[in-house]
Amino acid sequence: MPLINFAAREINYKIVYYGCGLCGKTTNLQYIHRKINPDARGKLVSIATEEERTLYFDFLPLTLGTVKGMQTRFHLYTVPGQSYYNASRKLVLQGVDGVIFVADSQITRLDENVESYLNLWDNLLGQGDDLSKLGFVIQMNKRDLGDIFSVEDLNELLNHTGSSVTEASAITGEGVFDTLKVVCKQVIAKTG
Amino acid sequence: MARRKGLVINDRQFDRCDVLLRKLKEVTGSSFLALISTSGQPITTASDSYHPETLSLASLAASSFAATQQLAKILDENEFTLLFHEGKGLNLHVSQVTEQVLLIVTFGHETQVGKVRLYTQRAIEVLRQIFEAADDTPPPEMDADFESSAGTAIDDLFKDV
């Protein structure tokens, strides 16, 4: 559930980008940070290793503006993709309102995608959330590369919940905002 | 049992928190105070001037605190209820108010750590009562058109330029 501050007329939603290492989570955030109206965003905070791999999370606050008298914000987070950082991933998921699962469409990354997808549901179920209240989108990323799964095949392999699916190439920005729109509208609809 | 705990703050709680934070700022001689949610979202602040990085500060402090809780578990400690960073010019004190709320205090050499800890602990006891009382109060209703208006705003903001 979002943080609703009726006194300050503010509502904040937390969106988390999840997925295996090097699937493009941070690239999504960097594109949004580059392209969105600078007045609508805060600073992009990255806690990364020297090799620029996410160590803890990236964080980007976005302000939607005042909607029906409520200052509405989306706080975007990424998790570290590498599997040995699972303890950190669980922490980032705390209080989440919506998840974007970034799937790497390359055929060679299938095992990593499946492992990360199962790990996501393990972690969500582990924190006892009512998943019917959670916004969820699968972003099939890297559609611009060769040797990739078809959308249908990847959907069959990963999308056991029949969730919304978007196609993207985060490096060029294709589909990045479309994905964000879908999940943001879902969290607002689901959390009332 | 499935849970999705939200945090809803009404006018009365907000006013009481604001008054208490201002008082705490005064008695401790601290420079900046903020109540934030454990998921990293700011609730209210008390500061001499607007802090431009409040959102980042809240996000990092909450994450840091959550990591500390996990460290406690690994070390077979029930919980660490306090996080303290000492700097050359500024100190950061993060403490737990309730399961969903944290209190951030920053202060310099003009005051003492002991004083901040003492008054912060007393303030937390009052803050805890304020937030626990909240659970019994039904939250106000959101505007019925919020979803459709937000949808339009999302389409306007999240477009490629």
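**Figure 1. The order of elements in chain B.** From the N terminus on, chain B runs β-α-β-β-α-β-β-β-α-α, a total of 4 helices and 6 strands. Helices (H or I, at least four residues) and strands (E, at least two) are DSSP runs numbered from the N terminus. This is a predicted model, in which local features need pLDDT of at least 70 and side-chain atom pairs count only at pLDDT 80 or more, while totals for chains, interfaces and linings use all residues. Residues are numbered from 1 along each chain as its sequence is written, and chains are lettered from A and ligands numbered from 1 in the order in which they are written. The C-alpha trace of chain B spans about 50 × 40 × 35 Å along its principal axes. Of its 161 residues, 34% count as buried, meaning that 20 or more other C-beta atoms lie within 10 Å of the residue's own; with 12 or fewer a residue is exposed, and in between it is partly exposed, C-beta atoms being placed from the backbone. Among contacts in chain B with a separation of 6 or more, 54% come from residues 24 or more positions apart. Two residues are in contact if their C-beta atoms, placed from the backbone, lie within 7 Å.

**Figure 2. The open sheet of chain B.** Here you can follow 5 strands in the order β3-β2-β6-β5-β4 of chain B, with antiparallel pairing; two strands pair if DSSP finds at least two bridges between them. The edges are β3 (42-47) and β4 (82-86) of chain B, each of which pairs on one side only. From one strand to the next, the twist averages 15°. Strand β2 (residues 32-37) of chain B runs antiparallel to β3(B) and is joined to it by 5 bridges. One to look for has B:Ile36 with B:Pro42 of β3(B) as its bridge partner. Helix α1 (residues 11-28) of chain B lies across β2, β3 and β6 (101-107) of chain B, at about 35° to β3(B). Axes are lines fitted to C-alpha atoms, for helices over the stretch in contact, and angles run from 0 to 180 degrees between N-to-C directions.

**Figure 3. Where chain B touches chain A.** The contact takes 46 residues from chain B and 45 residues from chain A. On the chain B side, β1 (7-9), α1, β3, α2 (54-74) and α4 each give two or more residues. The largest share of that side, 9 residues, comes from α4(B). Strands also meet here: β1 (residues 3-5) of chain A runs parallel to β1(B), joined by 3 bridges, with A:Leu3 standing opposite B:Leu7.

**Figure 4. A helix pair between the two chains.** Helix α5 (residues 176-191) of chain A packs with helix α4 (residues 146-157) of chain B at an angle of about 165°, their axes 10 Å apart. The two are therefore roughly antiparallel to each other, the word used for angles over 145 degrees. From α5(A), the contact is made by A:Lys181, A:Cys184, A:Lys185, A:Ile188 and A:Ala189, and from α4(B) by B:Glu147, B:Ala150, B:Gly151, B:Ile154 and B:Asp155.

**Figure 5. A close look at A:Val114.** This residue, A:Val114, lies in helix α3 (residues 110-126) of chain A. A:Val114 counts as partly exposed because it has 14 C-beta neighbours inside 10 Å. A:Val114 and A:Leu157 are 43 residues apart in sequence and 7.9 Å apart in space, C-alpha to C-alpha.

How values were computed: Parallel < 35°, antiparallel > 145°, perpendicular 65-115°, else oblique.
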